[in-house]
Amino acid sequence: MKYGITGIRRASVAVTVSLTAGAVLASGAFASAATAAAPPTPTITAKGGFVMNNGTAKTLYGKAADTRRSTGSTTKIMTAKVVLAQKNLNLDAKVTVQKAYSDYIVSKNASSARLIVGDKVTVRQLLYGLMLPSGCDAAYALADKFGSGSTRAARVKSFIGKMNSSAKSLGLKNTHFDSFDGIGGGSNYSTPRDLTKIASSAMKNSTFRAIVKTRSTKQKVTTKSGGYRYMSWANTNAMLGSYTGMIGVKTGSGPTAKYCLVFAATRNGKTVIGTVLTSTSATTRTADAKKLLDYGFKK
């Protein structure tokens, strides 16, 4: 009888050990799955970065996300947003290109849509010229068109005021504009978080979405003599066509801003949107954005 009991005890111990070992293996498998589900936080070159789920506004990544920095031409996202928010906007209304716009480009050595004085260009075309080749001449034309006042200077000031009002309406505390194109006087700044929120808001507009995902366009404009010419513009965003699901948004650069990029991509119904500010080159800002998008889609 003793031997029978011992045998039973041994069997019981064996079963317990077996079950314990199985539990350990199972917990190890769950731990491995949890580890696999949590991607490593990426390291980026840019001084500031932010990524969020565009659908839920959930923060996915942040690096100095609320530190104010110069934004370069990513400022033009707000320029376009203000234009598209105008009441009774007629995108086919024509704007005559003024000499002041081309003089501005020359004086600032600024990026250009190569608008030609005297040409009549539609508001829609100006938005393409603004966002694809990052035309500061197009930005000037839009500010002059949609600002209020009896002088060009007054209209530009009014338009920049609208940009700041729009930022306030979004609840942004770390954004201020002193220019329509990012070539400011030292008080044109935002943060990775704020810029991402501006872009997210702008992307709600179908015209904006259509423009910023366009890799290149050829636009027919009316010349001063009543004829026509074609303007060809290519998007400065190198990720369009090279990153799966890329849908925008805008590059930026400048002596203080260095290299910036506001970016968005959609995969399997999920849109990830974000910003990198003050990266070291056009190549590194693209690499930074790719890392953050990859990370965002895994989160």
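Is lysine 258 buried, partly exposed or exposed? Lysine 258 is partly exposed, with a relative accessible area of 41%; here buried means under 20% relative accessible area, exposed over 50%, and partly exposed in between, using a 1.4 Å probe and protein chains only. Lysine 258 sits in strand S10 (residues 258–267), and its phi is near 60 degrees, a positive value in a residue other than glycine.

Before we walk further, a word on what you are looking at. This is a predicted model, in which local features need pLDDT of at least 70 and side-chain atom pairs count only at pLDDT 80 or more, while totals for chains, interfaces and linings use all residues. Residues are numbered from 1 along each chain as its sequence is written, and side-chain values use heavy atoms, with hydrogens and water left out.

Let's take the overall picture next. The protein has nine helices and eleven strands; these are DSSP runs numbered from the N terminus, with helices being H or I of at least four residues and strands being E of at least two. Of its 299 residues, 47% count as buried. The accessible surface comes to about 14,500 Å², and 54% of that belongs to carbon and sulfur atoms; the areas come from the Shrake-Rupley method with a 1.4 Å probe, and for residues only the protein chains shown count as cover. Among contacts (heavy atoms within 4.5 Å) with a separation of 6 or more, 61% are between residues 24 or more positions apart.

The buried set includes Cys136, Tyr140, Leu142, Asp144 and Phe146. Around them, helix H2 (76–84), helix H3 (99–108), helix H4 (123–131) and helix H6 (152–169) pack against the buried residues of H5.

Two of those neighbours also meet each other. The axes of H2 and H6 come within 10 Å and cross at roughly 95 degrees, where axes are lines fitted to C-alpha atoms, for helices over the stretch in contact, and angles run from 0 to 180 degrees between N-to-C directions. H2 and H6 are therefore roughly perpendicular to each other, since angles under 35 degrees count as roughly parallel, over 145 as roughly antiparallel, 65 to 115 as roughly perpendicular and the rest as oblique. On the H2 side, Met78, Thr79, Lys81, Val82 and Val83 meet Phe159, Lys162, Met163, Ser166 and Ala167 of H6.

Now for the charged pairs. Side chains of opposite charge can pair when their charged atoms come close. A salt bridge is counted when a side-chain nitrogen of Lys or Arg lies within 4 Å of a carboxyl oxygen of Asp or Glu, and by this rule the count comes to seven. One of them joins the side chains of arginine 124 and aspartate 92, at 3.5 Å from N to O. Arginine 124 lies in helix H4 and aspartate 92 in the loop between H2 and strand S4 (94–96), so the pair ties together parts that are 32 residues apart in sequence. Arginine 124 is partly exposed at 31% relative accessible area, and aspartate 92 is partly exposed at 47%.

Other pairs stay inside one helix. Lysine 99 bridges to aspartate 103, with the closest N and O atoms 2.9 Å apart; the two are four residues apart in helix H3, which puts about one helical turn between them. Lysine 99 counts as exposed at 53% relative accessibility.

Finally, visit strand S9 (residues 246–254), where you will find lysine 250. Lysine 250 is buried, with a relative accessible area of 1%. Its side chain makes a polar contact with the side chain of serine 134 at 2.8 Å; a polar contact is a pair of N or O atoms within 3.5 Å, where within protein one must be able to donate a hydrogen and the other to accept it, and residues adjacent in sequence count only if both atoms are side-chain atoms. Lysine 250 and serine 73 are 177 residues apart in sequence, yet 7.7 Å apart in space, C-alpha to C-alpha. Valine 249, also in strand S9, is joined to glycine 248 by a cis peptide bond with omega of about 25 degrees.
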